[in-house]
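Biologist: I have some questions about the terms you use. Show me the model, then set each term against its cut-off.

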Amino acid sequence: MRLDRYLAEAGLGTRKEVKELLKKGQVTVNGLVVKEAKRQVTEDDQVAYGGESILYQEFYYLMLHKPAGVVSATSDTQKTVIDLIPNAPKGLFPVGRLDKDTEGLLLLTNDGQLAHDLLAPKKHVAKRYYAEIKGLVTEEDQAAFQAGIHLKEGLLQPANLIILSTDQVAGTSRVEIEIQEGKFHQIKRMFHAVAKEVTYLKRLTMGPLSLDPTLAKGAYRSLTAAETAQLLALKKDDPAD
């Protein structure tokens, strides 16, 4: 890999910016100053800037506790989830979307194949949410969700609806719901189909990944080695269509 690309993808700046750093003699490879942008380097080379080691990483996997008020996009006229990541690695994007007012687990990566596998219908990757509902959720609603709700796109896959509590006086409910699809405003539309309204929604899990309870809203961290291994296992699991 060219040295300027290595430095740019490591987050040191744009290709133009890192070329200027090279010209100024601020980068060393294996202890020697290198000014040529086209110099080839490998993972075995020791690259440093200003005396600090620069470690190249091909793929990034970040867990974000998405707050309400930001959009799940790489760029927008409104604040995006990428804006919450200082010096975001090149090519980072959210895997799937959470509505602007929805909170919770969001995976950010630059691994396009993993994103495809997590979102592909044939993979049946489950996503679990906590929701607060205006209306009293019933066993009939649970049965309807399990049978498959009809939306304009057609019949949805079965969804597991768990009633956590209901408040008869306030006319509200707290539930958890697990789905394997990710259609536009899906959960809100499913409850609307049974004459109820979602007033709060938070994603708790996506496949093997669970929201870290220690992450504050708007905070993020890299996945652990174990979490990454669990996700990457999905890339190896390729069930027949």
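**Terms and cut-offs**

Modeller: The side chains of glutamate 176 and arginine 128 are joined by a polar contact of 3.0 Å. This is a predicted model, in which local features need pLDDT of at least 70 and side-chain atom pairs count only at pLDDT 80 or more, while totals for chains, interfaces and linings use all residues. Residues are numbered from 1 along each chain as its sequence is written, and side-chain values use heavy atoms, leaving out hydrogens and water.

Biologist: Why is the link between glutamate 176 and arginine 128 called a polar contact?

Modeller: A polar contact is a pair of N or O atoms within 3.5 Å; within protein, one must be able to donate a hydrogen and the other to accept it, and residues adjacent in sequence count only if both atoms are side-chain atoms. The pair is at 3.0 Å, so it is called a polar contact.

Biologist: Where does glutamate 176 lie, and what else does glutamate 176 touch?

Modeller: Glutamate 176 is in strand E12, residues 172–179. Strands (E, at least two residues) and helices (H or I, at least four) are DSSP runs, numbered from the N terminus. Not counting residues up to four places away in sequence, glutamate 176 touches Arg128, Tyr129, Tyr130, Asn160, Leu161, Ile162, Leu164 and Leu204. Contact means heavy atoms within 4.5 Å.

Biologist: What makes histidine 185 partly exposed, and why is alanine 195 called exposed?

Modeller: Buried means under 20% relative accessible area, exposed over 50%, and partly exposed in between (1.4 Å probe, protein chains only). Histidine 185 has 29%, so it is partly exposed. Alanine 195 has 70%, so it is exposed.

Biologist: Where are histidine 185 and alanine 195 found, and what is the phi of histidine 185 and of alanine 195?

Modeller: Histidine 185 is in the loop between E12 and H5, with a positive phi of about 50° although it is not a glycine. Alanine 195 is in the loop between H5 and E13. Its phi is near 65°, a positive value in a residue other than glycine.

Biologist: Which residues touch the most other members of the largest nonpolar core?

Modeller: Leu108, Phe145, Ile177, Ile187, Met190 and Phe191 do, in a core of 31 residues. E5 (61–66), E7 (103–109), E8, E12, H5 and E13 each supply at least two residues of this core. A nonpolar core is a set of buried Ala, Val, Leu, Ile, Met, Phe, Trp, Tyr and Cys residues joined through side-chain atoms within 4.5 Å.
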